[in-house]
Amino acid sequence: MLQTVLEPGMAENTALFRERYLAACRFMLLARLLDDKFAALWRSGRIHGGVFLGRGQEALSAAAGVWLKKGDVFAPLIRDAAGRLAFGETVLDAARTYLGSALGPMHGRDGNVHRGKPKEGYLPMISHLGAMISVVNGILLARRFKNISGTVGLASIGDGATSTGAFHEALNQAAVERLPLVLVVANNHYAYSTPTSRQFACRDLADKAAGYGVAVDSVDGTDLNACLKTVGQAVARARAGRGPQMVVATLLRLCGHGEHDDAGYIDPKLKASPAGRDCLKVAEEHLLRQKWADAATLAVWRGEVIREIEEAVAQAQREPAPDPFAEEWRAIATERLSETHEEV
Amino acid sequence: MPQIPIIMPQLGESIAEANITGFLVKPGDTVEAGQDLIEVETNKASMTVTSPCGGRIEKFTAQLNESYAVGATLGRIETTQEEAARLGLDVPPPVRPGDTDRVTREGGNGSRSRVQPTVRGLPVPANAAGASYLSPRLKARMTELGLSAADLAGVAGSGAAGRVTVEDFEKFIAHLEKQKTSQASSMRVSVADAMRRSWTRPLAHVGLPVCLDPLFAFRKVARPKPGPALCALRALAVALAQNSAPAGRLVGNKIVHPSSIDIAFAVEAEEGVLVPVIRNADKRLLKDLIAPYNKLVELARGRKLPPDATGGSIATVTNFGTFGLEWATPIPLPEQTLVLGLGAARHAPSWDSVQGKFVPIMEANLTLSFDHRVIDGGAAGRLLQHVADLMSKPEEL
Amino acid sequence: MSITYLEAIREAQAHALRDDPRVFIYGQDVGAFGGAFKATKNLAVEFPGRVLDSPISEDAIIGLAVGAAIEGMRPIVEMQFADFSTVGFNQIINQAATLFWRTSVPCPVTVRLPFGGTSGSGPFHSQCMETVYAHYPGLIVLTPATVEDAYSMLLEAVAIDDPVIFCEHKLLYYHLKAESLPSEALPVGKARIAREGRDMTIVAYSAMVHEALEAAKELTPEGWEVEVVDLRSVKPIDTDTVMASVARTGRLLCVGEAWPWGGVTAEIIARVTSEGYGLLDAPPQRLNAKDTPVPYHPNLWAAHRPTARAIAATARKLLRL
């Protein structure tokens, strides 16, 4: 999470942009290797429950994360490993949540991608797609009440979530209230196994924006360069008070819906198309071509990232699991109103 | 042509169903109103179902040897319009009002019982009414005071079907507290509990006079001397060894025969009665029982009976004659089915048919109290007669 | 001076807006129009910018409230009818109700539900929703039966750090009046003995409390003194007060306007039977609405829910057991 804001129209050949690009790239690498680690842990039976990766979507997610600053609000979704790390989540917290450590942010009460720290603007998703957007709206509206300006809220969703009533209501609401919401739609062509031909009938998801009175940009989600520019501009416009901004990115999921899914339904033609490019490879190649980093640097990054991951995972695995007998088992904050159900 | 149903009548109070045992007419037969049509049997007796009207038997829907509930349709009679009108059978039965006609639910507790009777002939409604129903609150209160259902005998119940409510109970206790009370000993309380539990069975009694002359003659020459109660005990043991069914326990539909002929005898101690047991009384002769018997009497009187000397007996022998009583109806212990009682010996005239005159004998009443679920009067009488016969030949005991 | 149940609700909201800058109101037609029932009449004028009209989006309304609560505000959202809250059901039970348990961040949202039946309202403007919300952990569900409680409990609801489902009975809005607003009140979580008795306990909540009191009056000349317990909150339930009442009377009848399967009446009976079995001199009973959607026609509606007459009839049967 970096401190400065991209001015609309800032050229890419600036020190700031390059710095942002390098940061994003490293977060993408970290996210990719962390996802690989989770997949491996799952296959070896050390993760309980589902594992959901963001492989193939790192560029878009990292771009969102690097443009948000401390004090902004981020509502990531399933494929946002890169964005979460860019927004400030530690590898340790991610590992703790997946490995069920009692010391993780959710304390074992929720797991895998359902993690966050609401008071730090990092919202833990609930499983109902589209539901987080109005929560972001609420935070932004509250800041308006508190005369806090200059912050934005960014919510991630996929092509599938654009079909939900929650998405519709929330986007409409944000537009009516003219909130500084940035909605990043990752159109990865499939909602689990459902292709977009069965998800929506409009020509392009970007067409929906006009229906809500919301500005929109489209972008190639596999191109970090393009993502940084497009998402950066959207964030800047929202921050400047120009109302909700939508970004629709085209890419492909390079993994199953969850690690339990082999994604055999993905059209091989799509895999072979530009949308199927590996954004990490593309980003690294661009870095090298621009001479913003050399192969040695990338190797060093890789080594550092692997070490960081392994240390975090090792630590999380050593930590205690939640103890049901030590749990308070109370779902409300007001203790005196909590009912106890004693057994005979 | 109207078709009139043949309905299973209410054959008696608390009868819920009856078994079809025979058809006295067949489909196609012409019958008169009131004619016997179907034979049925309940647990009490055999009865017949009669025709509701004159007409022709159209069909029987009931089957032989099947049971049908009171009110069930067993068949149909085809009759003329005039006959139906004459008997008032031409008006269809009133439609049952539906739920929408009522603002409140019909039938609170009891009038729409969803539980069907499981015991044939004796509906056991699973509802909260009836004189013997004790609510949880009432039971809790009774437990608090150390009372049992028997203590409520005579308490007027104002609840549904005469049940005793908590209010009735509290009034009763308040009333009692105004009267003079004294403390009952713990023995008294435990005997009360045993008797109450025993009394849950249907107990009956038979008796016959027995001539004690052979016994007294035997005692004159016997060394050591057996008491009359011990003779009776040994006689009972021998009789039960030959047929132990009368001393069995009825559990459900099985009679559990005793595994050993252990017979107790009553010893009066201060404040109550102790009942030490002679184990395997059938396996030892009378002369060998005398010493153990006397020892047990001594221990009982001294309140020094060891724990294994009581309990586990199948019958008790009580010599109420020692109180001067000629007749008594003792109550078996809860785990027993029989009590053999011996009354006071008295001079009595006995007809001697050989001599053609009354001769004086020593006579006493021998009584048998028994659980009527296990044996009936006849079997009880036969057992008693057998005991009396054995007691007339004491040298063989 | 007399004040209606509805006016008490408006007064409470005005009081909350005045005393706490973190409070704002959000819902359909609540702004200039003052709300479908006028529960927020003039508040938008008195507190400019703090009483906002929302689109017809119950899901987003609740989601927004949760977000605002995370940010430290104390939103009051008005659902136009309890029946419509089902569109926001997901956000209530999965977003608001799980936030504290999942993250330890409290969610001080108050959701006001105009609930319960009035003649002619039909299936979608009459529902009692307290059962489904009370079932989910993480929510507090309040059911004020009096003008005083409508006032004091709404104030307390806003002050509570947890999501509160505040069930306001529409039948009581204009028909129930009080002399004045209270300065003190029983706290949320305590039930009230609305009428002392000796022979039987009727446990009720919201509008049914008034029907139960009418039924109790009907039974007095017959020699019965019936105790009526007003639960006030159905989550949590003040089991202690209910249990103490049954300890006094030994007979229990629970009355609810909701449907028979499960619900508050079943919950009370379950608790009394398992924790106070020895207190019961007769089997506990309950009376609920008929197991159909709420009918439109007044003849049908009058028979659909428990009335004082029906309660008295059931009570009589229970008293004679």
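**Before you start**

This is a predicted model: local features need pLDDT of at least 70, side-chain atom pairs count only at pLDDT 80 or more, and totals for chains, interfaces and linings use all residues. Residues are numbered from 1 along each chain as its sequence is written, while chains are lettered from A and ligands numbered from 1 in the order in which they are written.

**Stop 1: the chains together**

Colour by chain. Two pairs of chains are in contact, and chains A and C share the most contacts. Two residues are in contact here if their C-beta atoms, placed from the backbone, lie within 7 Å. Now look at chain A and chain B. No contact joins them. Their closest C-alpha atoms lie 17 Å apart.

**Stop 2: chain C as a whole**

Select chain C. It has twelve helices and 14 strands. Helices (H or I, at least four residues) and strands (E, at least two) are DSSP runs, numbered from the N terminus. The C-alpha atoms fill a box of roughly 60 × 40 × 40 Å along the principal axes.

Buried residues make up 60% of the 321 residues in chain C. A residue is buried if 20 or more other C-beta atoms lie within 10 Å of its own, exposed if 12 or fewer, and partly exposed in between, with C-beta atoms placed from the backbone. Among contacts in chain C with a separation of 6 or more, 79% are between residues 24 or more positions apart.

**Stop 3: strand S2 of chain C**

Select residues 23-27 of chain C. Five of the five residues of this strand, S2(C), are buried, so S2(C) is largely enclosed by the rest of the structure. In a regular strand the side chains alternate between the two faces of the sheet. On one side of S2(C) sit C:Val23, C:Ile25 and C:Gly27, on the other C:Phe24 and C:Tyr26, and all are buried.

Two strands pair if DSSP finds at least two bridges between them. Centre on C:Tyr26. It stands opposite C:Val77 in S4(C), and its bridge partner in S3(C) is C:Leu52.

**Stop 4: two domains in chain C**

Colour residues 3-178 as domain 1 and 192-319 as domain 2. The bounds come from an automatic or database domain assignment. The C-alpha centres of the two domains of chain C lie 26 Å apart. Their contact takes 25 residues from domain 1 and 22 residues from domain 2. On the domain 1 side, the elements that give two or more residues include helix H6 (147-159) and strand S7 (164-169) of chain C.

**Stop 5: chain C against chain A**

Show both chains. Here 34 residues of chain C are in contact with 33 residues of chain A. Helix H3 (58-70) and helix H4 (89-103) of chain C each supply at least two residues to the chain C side. H3(C) gives the largest share, nine residues.

**Stop 6: the cores**

The largest nonpolar core has 211 residues. Such a core is a set of buried Ala, Val, Leu, Ile, Met, Phe, Trp, Tyr and Cys residues joined through C-beta atoms within 7 Å. Helix H1 (residues 15-43) of chain A gives the most to this core, eleven residues. Both domains of chain C give residues to this core, so it lies between them. Apart from it lies another core, of 51 residues, among them B:Ala235 and B:Leu397.

Select C:Ile202, one of the residues with the most contacts inside the largest core. Leaving aside neighbours within four places in sequence, its contacts include C:Ala212, C:Val226, C:Leu253 and C:Ala315.

**Stop 7: chain B**

Show chain B with chain C. The contact takes 16 residues from chain B and 19 residues from chain C. Helix H2 (residues 136-145) of chain B gives the largest share of the chain B side, four residues.

Finish on the open sheet of chain B. Four strands run in the order S1-S8-S6-S3, with antiparallel pairing. S1 (3-7) and S3 (30-31) stand at the edges, each with a single partner strand, so one side of each is left without a neighbour in the sheet. S3(B) pairs with S6(B), residues 55-60, over two bridges. Zoom in on B:Val31, which stands opposite B:Gly55.
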